[in-house]
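Trainee: Could you walk me through this model? I'd like to begin with the surface.

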Amino acid sequence: ISDQKPLGCWSLKHGQILTCPVVCNFETHEYIAVHDDKVLRIWKSEDISLDKAFKATLSADVYRIHSLPHGGLLVLFRGGGVRTLDELLEAPQQEIENVISGEAIRWSGAFMEDQQPVLIFTTEKDEDFFVYVQKPKLNSLHKYKLEQQESAKPLCFTAHITNQTVTLLCLYSNDSVYQILIPLQQDTEEEEEEKEILSKSLLLNFSISQAVLKGTSLVALDKDHIAVLGSLNAPKKQPKECLTIWNTKFQTLQTSKELPLGTSGQLWCYEEKFFLIHGKVLTVIMYKCETSSLAAAVGKLKCSQTPDVSSFMNWNTLEDEELVVSFQSQESVGLKAESRMNLRSKKSIDAELPFDSLSPGQVLARFKDAPNYLLETKFRRLMARPPTPDLQATVGSVVNVLTDRCKNSKYYPQDFLQEIVETWDLSYSLCPDLMAVGLEKKDMHLLQTCLERFPDIPEEITYACLKAFLSISEAHLENTDVNLDSVICYIDVESDKKEVKTEIVENGFSAQMDQDMCGTKIPKESQSWSDDESCPVGPQKAALLNAVLHSAYTETFLLPHLKNLPAQEAVLFLRYLYYLYVKCSGKVNTTLPGIRSPTINQIMDWMCLLLDAHFTVMVMLPEAKELLSNLHRFVRAQVRFYSELNKIEGSLRELQRLNHLRESHTYSIEVLEII
């Protein structure tokens, strides 16, 4: 999420359209999609093409597929019929009954109750709205009609089930949320012919200090909290889009977050995370709802000192066993007194507990202000605990506490941070400040390790590391601990720091090749660098640059940053890339020896990127003229060599065919002349 890199991408053929959201099967770790209303596709992450994925054509149009943990997958058809995925796979062309007539489905949701899946969906017909409650495995279906509301109609729905009762929440066009309670009827009852009319009760009205929240989407968080995405309209002010959380039990606004870049109007919630489109990016926000109490609600309201929507919840409070990481509150005036009170009571409780009985959140909260030596000791004990599903996130939070202490101070636990990064499978998004602190402290070894291990480093940070590696002096690097595994096999350094040259045979390139191949004459004295084939940087700097070459990137995001690289450093980097290119081309399999050595594709991609970003500047630089000429000459020689190979490709294929026709047990020596 921190850097929008696609982890997987699957495309449909031209003309095919996905007609319902793709879902994941939790049990088989497969993706399920429907395109063109009836065509079912099932594939796994390692599958490359959807054309080769499993395909089944159904007999009716699909509205939604719902995936339930431990409950399988339910397929809801546009006619109201419901089937499990397993039933459809056994007989894809089975007839699907039409439950609804002339109605259009507006919303659907799936839930688990008493270990049985329950599907709820709403429909609309002639401005009347209906609710259907189905238990597919028990063949139970009940239909209800919503009570009409004058001058207002439902915009969106959400629901939750508690104690055999469905709580359906409806956001209406009059800026209010209504609640409808539907008891789950006994499975033995027959379907009623007479539709029962459901009465509704007003739950919330979105009026806030003369401002009105025009909601576009809502989701239920628990039995006492809902989240609403919408636009806040105030007199004589521009509308502001915001995400809000409301306490439905006490009719209070818990917190809000302004979204200045705009949204798509859609809000999703899954496993205590919000998903929404903010501007042009997908934003994921973790949240935690506190236990609903009147004292907390009233206290937060009394502390509010702003007539507008304000933030009443501390999104960064560590409670129980959950580490809450979320957006920063714009205003937190109302939190200070309560936070201090909670902290005092919490410390008194924690102080009575032994260290091993404390949850990770309690450990971080108690020791984050401890002395340096005690902080590292306690954190080492925390990370030494038996593995748990959230231990990796805990380690990321440990790193965040350490990096916060490192900012603008002399404290820097270099060995401890290096040990954590080498031991745990972390990512940039888990500890986003770690590499920034490494750049500030000029910890080249840590940056090298992060570049090699983190899969989601933003291009801005990758560029910052590249610039730092190129600008640091060789003398400083000689005393720096750097992993040389990626260069030790092709850069051999003697005690006098002179590189030992090894003879290489280049594919189709000779140092004595005519210089007029590229149309220019190069002065004899200018050929020294290309002929001696020495590495333009020391082994430490080469190892650091190799780590940059291995990092993942998206060209569109990296190129604007790369254009800011100083010209002299860009030339030095291009010289090193050219050196690697010649080395790779001298190998029969175009592969450099060593661990995590750059590949020929990585080298060529970075050369193209660098030339795209700095070609005009390099053409004007006298010191780059020789390099560009050598590069042009070498590439042109290889193009010519492969062109000659293409000419004899047909003859080589014919030889291969003749070889298969001969008897394998005969021995002969033949001389074939290729004309």
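Mentor: First a definition: patches are made of residues with over 30% relative accessible area and no salt bridge, where like charges are joined within 9 Å and nonpolar side chains (Val, Leu, Ile, Met, Phe, Trp, Tyr) within 5 Å. Accessible areas come from the Shrake-Rupley method with a 1.4 Å probe, and for residues only the protein chains shown count as cover. A salt bridge is a side-chain nitrogen of Lys or Arg within 4 Å of a carboxyl oxygen of Asp or Glu. This is a predicted model, in which local features need pLDDT of at least 70, side-chain atom pairs count only at pLDDT 80 or more, and totals for chains, interfaces and linings use all residues. Residues are numbered from 1 along each chain as its sequence is written, and side-chain values use heavy atoms, without hydrogens and water.

Trainee: Which residues make the nonpolar surface patch?

Mentor: F641, Y642, L645, I648, L652 and L655 make this patch of about 450 Å². Two elements, α17 (622–647) and α18 (649–661), each give two or more residues to the nonpolar patch, and α17 gives the most, with 3. Helices (H or I, at least four residues) and strands (E, at least two) are DSSP runs, numbered from the N terminus.

Trainee: Where does Y642 lie, and why is it called partly exposed?

Mentor: Y642 lies in helix α17. Y642 is called partly exposed because its relative accessible area is 39%, and that term covers values between buried (under 20%) and exposed (over 50%), with a 1.4 Å probe and protein chains only.

Trainee: How many helices and strands are there in the chain?

Mentor: The chain has 18 helices and 24 strands, and 46% of its 675 residues are buried.
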